[in-house]
Amino acid sequence: MALTQKIHGLYKGTVERITKHRTVSAFKEKGVLSVDEFVLAGDNLVSKCPTWSWESGEPSKRVDYLPADKQFLITRNVPCLRRASALEEEYEAAGGEYLLDDEDDWVATHGNPKETKQRGEEDLPSIETLEIGKSRTIQAIPSYFGGEQEDDIPDMSEYEDTEDHDPATLPSSYFVAHEPDDDDFLHTRTYDISITYDKYFQTPRVWLTGYDESRMPLQPELALEDVSQDHAHQTVTIEDHPHLQGKHASIHPCKHARVMKKIIEVILSSGAEPEVDKYLFIFLKFVASVIPTIEYDYTMDFELGISSL
């Protein structure tokens, strides 16, 4: 696994060095961003949400196709009150998820697996019904843009097919949290979440830097305790951060464009017009299905078309 990932990293780095960055927009057609569009979307995120900021990073690691003072985005000290594994255990105890089709990775949210399979796609979950933290629920994205509410906003797991697997996303071991049974002590982790521009995949990429309840750096592998189990096995990798020191957990971007393209298609089919400067708001909504207990701030209300922007 480590050797395969290293070989892929060398290949990816070589391709990035010899190819020019994207300058032509393919936001609607492919779900990707040009460099200028990434900066535009980042500016909008920072403008509407003061918890996010642009960072310049280390001078030696800066890329020349991004402004020196806008190399990546970051939000710090994001609370993570519970382990994702504990959340999933409670969810399964209440009815659980059942894999309906091993080939298509369809998942039902409740009920007997045989009965659920007979009911068909009506019970398949969408990103709108995924719980975020303790109280927030993802709402319909198209309504924000003036379209009708849709029910088929995709989850990243729907795109984990058997074709074109990236070596960096091969299964890795999943870590289960074991914490002392002390009801009087709140075990609160925090995370710094950063977003970089991935030149190879032409999409944003999310990185996680964790700290334990004593504000001591968390080993990157332990961040997998705070990742949805399905994604911890398939889409989260431990790699060198392009601008910060050391290894970090990262949500691999190989599926990002396909998911964003599907969301954009849903927005267009609802009669609304997607706007590229809001790309990161939508992007962070579906990323929440991967890190359901890391409670980063939402700055846009998609519900019933209400907008605070």
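Author: Two residues are in contact when heavy atoms of theirs lie within 4.5 Å. On this basis, and not counting residues up to four places away in sequence, threonine 188 touches Cys80, Leu81, Asp212 and Glu213. The model is a predicted one, in which local features need pLDDT of at least 70 and side-chain atom pairs count only at pLDDT 80 or more, while totals for chains, interfaces and linings use all residues. Residues are numbered from 1 along each chain as its sequence is written, and side-chain values use heavy atoms, with hydrogens and water left out.

Threonine 188 is placed in the loop between β6 (136–137) and β7. Helices (H or I, at least four residues) and strands (E, at least two) are DSSP runs, numbered from the N terminus. The C-alpha atom of threonine 188 is separated by 6.0 Å from that of cysteine 80, although the two residues are 108 residues apart along the chain. With a relative accessible area of 22%, threonine 188 is partly exposed; the term buried is kept for values under 20%, exposed for values over 50%, and partly exposed for those in between (1.4 Å probe, protein chains only).

Arginine 189 lies in strand β7 (residues 189–198). Its relative accessibility is 7%, so arginine 189 counts as buried. Its side chain meets that of glutamate 225 in a salt bridge, at 2.4 Å from N to O; such a bridge requires a side-chain nitrogen of Lys or Arg within 4 Å of a carboxyl oxygen of Asp or Glu. Because glutamate 225 belongs to the loop between β8 and α6, this pair ties together parts that are 36 residues apart in sequence. Glutamate 225, at 6% relative accessibility, is buried as well.

A second salt bridge links arginine 83 to aspartate 226, with the closest N and O atoms 2.5 Å apart. Arginine 83 lies in the loop between β2 (72–80) and α4 (84–93), and aspartate 226 in the loop between β8 and α6 (229–234), so that parts 143 residues apart in sequence are tied together. Both of these residues are buried. Elsewhere, glutamate 275 and lysine 278 form a salt bridge whose closest N and O atoms are 2.8 Å apart; lysine 278 is buried at 9% relative accessible area, whereas glutamate 275 is partly exposed at 36%. Salt bridges that share partners join Arg83, Arg189, Glu225 and Asp226 into one network. The count of salt bridges comes to 12.

A nonpolar core is a set of buried Ala, Val, Leu, Ile, Met, Phe, Trp, Tyr and Cys residues joined through side-chain atoms within 4.5 Å. The largest such core has 49 residues, and those with the most contacts inside it are Ile193, Leu208 and Phe283. At least two of its residues come from each of α3 (35–48), β1 (52–55), β2, β7, β8, β10, α7 and α8. Helix α8 gives the most, with eight residues. Leaving aside neighbours within four places in sequence, isoleucine 193 is in contact with several residues, including Trp52, Leu73, Val78, Leu208 and Tyr296. In soluble globular proteins, nonpolar side chains tend to be buried together.

Of the nine residues of α8, nine are buried, among them Tyr279, Phe283, Lys285 and Val287. In α7, the buried residues are His256, Ala257, Val259, Met260, Ile263, Ile264, Val266 and Ile267. Their cover includes α2 (27–30), β8 (203–211), β10 (247–251) and α8 (279–287). Just after α7, glycine 271 has a positive phi of about 90°.

Strand β10 runs antiparallel to β9 (residues 236–240), to which five bridges join it; strands count as paired if DSSP finds at least two bridges between them. Glutamate 239 has histidine 248 of β10 as its bridge partner.

For the chain as a whole, the secondary structure comes to eight helices and 10 strands. Buried residues make up 49% of its 309 residues. Among contacts with a separation of 6 or more, 67% are between residues 24 or more positions apart.
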